Amino acid sequence: MGKSIKIKKGLDIRLIGEAEKVTVSPDSVDSVVIRPTDFHALVPKCLVNPGDVVKAGTPLFFSKKHPEIQFCSPVSGEVTEVVRGAKRKLMAIRILADKETQYQQANVPSAEGASREELIAALCANGLWPYIRQRPFDVIANPNVAPKAIYISAFDSNPLAPDLDFALQGYGTEFQKGLDVLAKLAPVNLTVHTSRTKSEIFLKAKNVDIHTISGPHPSGNTGVQIHHISPVNKGEVVWTVNPQDVVIIGRLFTENRYNALRVVAITGSEVTRRRYAKAITGVPMRALLSGNLNHENNVRIISGNVLSGTKESIDGNLGFYDSQVTVIPEGYEPELFGWALPGFGKFSLNRSFFSWLMPGKKYTLDTNQHGEERAFVVSGEYEKVFPMNIYPVYLLKSILANDIERMEQLGIYEVAPEDFALCEFVCTSKIETQSIVRKGLDFVMSETE
Amino acid sequence: MEKKLEPSFKEGGKLHKFWPLYDGFATFLFVPGHVTHNGVHVRDSIDLKRTMSVVILALVPCLLFGMYNTGYQHFLALGQTPELGASFLYGLLKVLPIVVVSYAVGLGIEFAFCIIKKHPISEGYLVSGILIPLVLPADIPLWMVALAAAFAVIIGKEIFGGTGMNVLNVALVARAFLFFAYPTYMSGDMWVSMNDRNGYEVIKEGLVDGYSGSTLLGQVADAGFNGTFKNVAGADITSTVFSDAFFGFIPGSIGETSTLACLIGAAILIISGIGSWRIIFSTFLGAYAIGLLFNAVAGSNAYMAMPAHYHLVFGGLAFGAVYMATDPVSAAQTKLGKLIYGFGIGAFAVIIRVVNPAYPEGVMLSILFFNVMAPIIDYFVVQSNINKRVKRFKLASNGVK
């Protein structure tokens, strides 16, 4: 029987620009880009050269540390470019896509009969393993370490996030198949929201423990859910997978191929037609946004959501783990005495702006930082949006001091950068908490492995 | 203007040295057009300037009432009827120069430090600069204000690394400096503003008979609590002393006398979410609880018998609780820590008042003491969180779920 979790701390940032519940197929995708840099801490080894012809499912590169983990092409076509950065670091592989995708037939065992090892081998060989991430450290899971459990959040509570009930409509079989496969690797925990999750795909899922959670963002973050279900102790490992990626994993066993199709929400105040689109991993932004923006200039295109997404240009592409694109205005305009105005139209957690008198109002937020970076001054601010039994400022300070013992004591193994995104949003001193947490995780990882 | 001026202050410009100064003024005029680069793409509208302006706004009731009361006490001491306009004007002329000197000296030193250390100018002193005048007597010589502000900024803040790094409340450092450096001036019967005050000399000409310039707490400390209180003109105010003290028609530091004004400020701080209600509430609670305890064990000590609720409206307790104890940098930072910290401040303030007659006002010392104790309080609160995690880890490694 699952747990029932109630969280009160948190914040739903009320943005204008939710996607309408209509699914479209974007114009033909001419090229896709796969970036090893989407996978934190990965050292890739390239397998292809410009001119090579690949099928969907052909390995493009692999992990130097775990050579069994393959990263495969989501489309068939010709490798047109292998982009390398400083010290010949592999940055991106561009593939000119065929009109009709040719799939490489995968040779997978049946989900029911196969052993744990056979399943892991099949996931690794066919490019599915990278979809499984681990805590601590928020990186691709280590296939050689058995996790305590696998956690899946059935909803995304981030600003303007895709409605997963809608996105998974029609993919119930694949989702359940994915769950069946994962359940053979470790016990699977699926967390549904008490009011948001209505789809039977989640509520009637089998082979899993179903937990319920209520409350505002970050209730949908697996970090918060894990913390309340069974926190990660030092030395323990848990895995996390996004529901859309569970579907992709399921397809390997129902379709015998790597089919990285997912439903992407096109959101944000600067998008003209906000819809859901069926798109492949690595789809170019242009295919999703061309002719679909209110302005071409002075907009921020984000792969993902406004809290933890990545800045992209119109020539960029969708990140490996993302199923959302957000476009918001840039905020280069200085504002005369902006700090002194009553602030009826300014969104804030803080009631020093009179916008708190209008609780339901939705906002168009731009990328202005609204102030300059300062030392920690205000206390108790992060705690209002951080629903974990962890002292966020103390943890951040231990990271800044490079004190590993203290980081462990204060719970570094339980957090990922995204768990600190709201802290960063509300921070009066404009401190970049997510990047501090990332540095802390990297430091602990480098010292403990 | 910005476009014209900026290049000479930028890297390589003639005036680059003064970049913090330029940046300070430019960001004061305009919330800059800086955009987020990595991490979150949108940010809450709050910044430190906004936070500090709300605190200043919350101080306005105390400032205005303080000006009025300065004149009110002055005319009362001269045996004249204190009229509203005249009293306020008198107080304005007394208080304004102190505020100006406090800001000029404090900000001047802060700017100099920022230029030397190449830091951006922080907003911390905007609040300290107004707090310092409000905890001083109205007749304070301006050179003392300048000296105290300089001491507070340099020793209280900049040597620790500037705003956000100080251990003690900056304004209280200024007050404590004057208290210990010029004790004859900062205690006794100098709490009512005279027409002329030449250094330490009080010119008593024209005062009504029976004049006393000491505070209510001073009266109790000197004579012991005998159930009666006098105003500055020597009239018996025993029957109205609680309401006089609550509304603030009593002698004291410029801004501290009115509990009502402090409560209005507290409401602004708490509603806006900028001040911690935990600290404010628990400070009052601590003072009241110890007051009651003293009442219960009073016996031979007359001061202990003073009704506990008098402690809440006398002296600087309300002002300290609302504006000083809540300074987030020098206060405890954890929720439980804040409750303990506030309770301790209230309790110790009353203990110092009652037990040590050398310090009729204990709030300043109590807050400074708990500023020092705050990290230790937090240490124990955080340690209990750590202990839970360690225990959970041990259970897990023993195979218990």
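Trainee: How do strand β16 and β20 of chain A pair?
Mentor: Strand β16 (residues 261–267) of chain A and β20(A) pair in the parallel sense over three bridges. Helices (H or I, at least four residues) and strands (E, at least two) are DSSP runs, numbered from the N terminus. Two strands pair if DSSP finds at least two bridges between them. In this pairing, A:Ile266 stands opposite A:Val325 in β20(A).

Trainee: Before we go on, what kind of model is this, and how is it numbered?
Mentor: This is a predicted model, in which local features need pLDDT of at least 70 and side-chain atom pairs count only at pLDDT 80 or more, while totals for chains, interfaces and linings use all residues. Residues are numbered from 1 along each chain as its sequence is written, chains are lettered from A and ligands numbered from 1 in the order in which they are written, and side-chain values use heavy atoms, with hydrogens and water left out.

Trainee: Back to β20(A): how many bridges join β18(A) to it?
Mentor: Five bridges join the two strands, which run antiparallel. There, A:Val299 stands opposite A:Pro329 of β20(A).

Trainee: Why is β20(A) described as largely enclosed?
Mentor: Six of the six residues of β20(A), residues 324–329, are buried, so the rest of the structure largely encloses this strand. Buried means under 20% relative accessible area, exposed over 50%, and partly exposed in between (1.4 Å probe, protein chains only). On one side are A:Gln324, A:Thr326 and A:Ile328, on the other A:Val325, A:Val327 and A:Pro329, and both faces are covered.

Trainee: Changing topic, how many residues does each chain give to the contact between A and B?
Mentor: Chain A gives 75 residues and chain B gives 60 residues, where contact means heavy atoms within 4.5 Å. The two chains bury about 5900 Å² between them, with 53% of it on carbon and sulfur atoms. Buried area is the accessible area (1.4 Å probe) that two parts lose on being put together, summed over both.

Trainee: Which residues of chain A lose the most area to chain B?
Mentor: They are A:Trp339, A:Arg374 and A:Val377, which together account for 14% of what that side buries.

Trainee: How many salt bridges are there across the interface of chain A and chain B?
Mentor: The rule finds four salt bridges there, each being a side-chain nitrogen of Lys or Arg within 4 Å of a carboxyl oxygen of Asp or Glu. One salt bridge joins the side chains of B:Arg389 and A:Glu414 (2.9 Å, N to O).

Trainee: Which strand of chain B pairs with β21(A)?
Mentor: Strand β1 of chain B, residues 30–31, pairs with β21(A) in the antiparallel sense over two bridges. A:Glu335 stands opposite B:Val31 in β1(B).

Trainee: And helix α9 of chain B: how many of its eight residues are buried?
Mentor: Six of the eight residues of α9(B), residues 216–223, are buried, so the helix is largely enclosed by the rest of the structure. Among them are B:Leu216, B:Leu217 and B:Val220. Their cover includes α10 (241–247) and α15 (335–355) of chain B. Just after α9(B), B:Gly224 takes a positive phi of about 80°.

Trainee: Is B:Thr259 buried or exposed?
Mentor: B:Thr259 is buried, with a relative accessible area of 5%. This residue is found in helix α11 (residues 259–271) of chain B. Leaving aside residues up to four places away in sequence, B:Thr259 touches B:Ala245, B:Phe246, B:Leu312, B:Val313 and B:Ala318.
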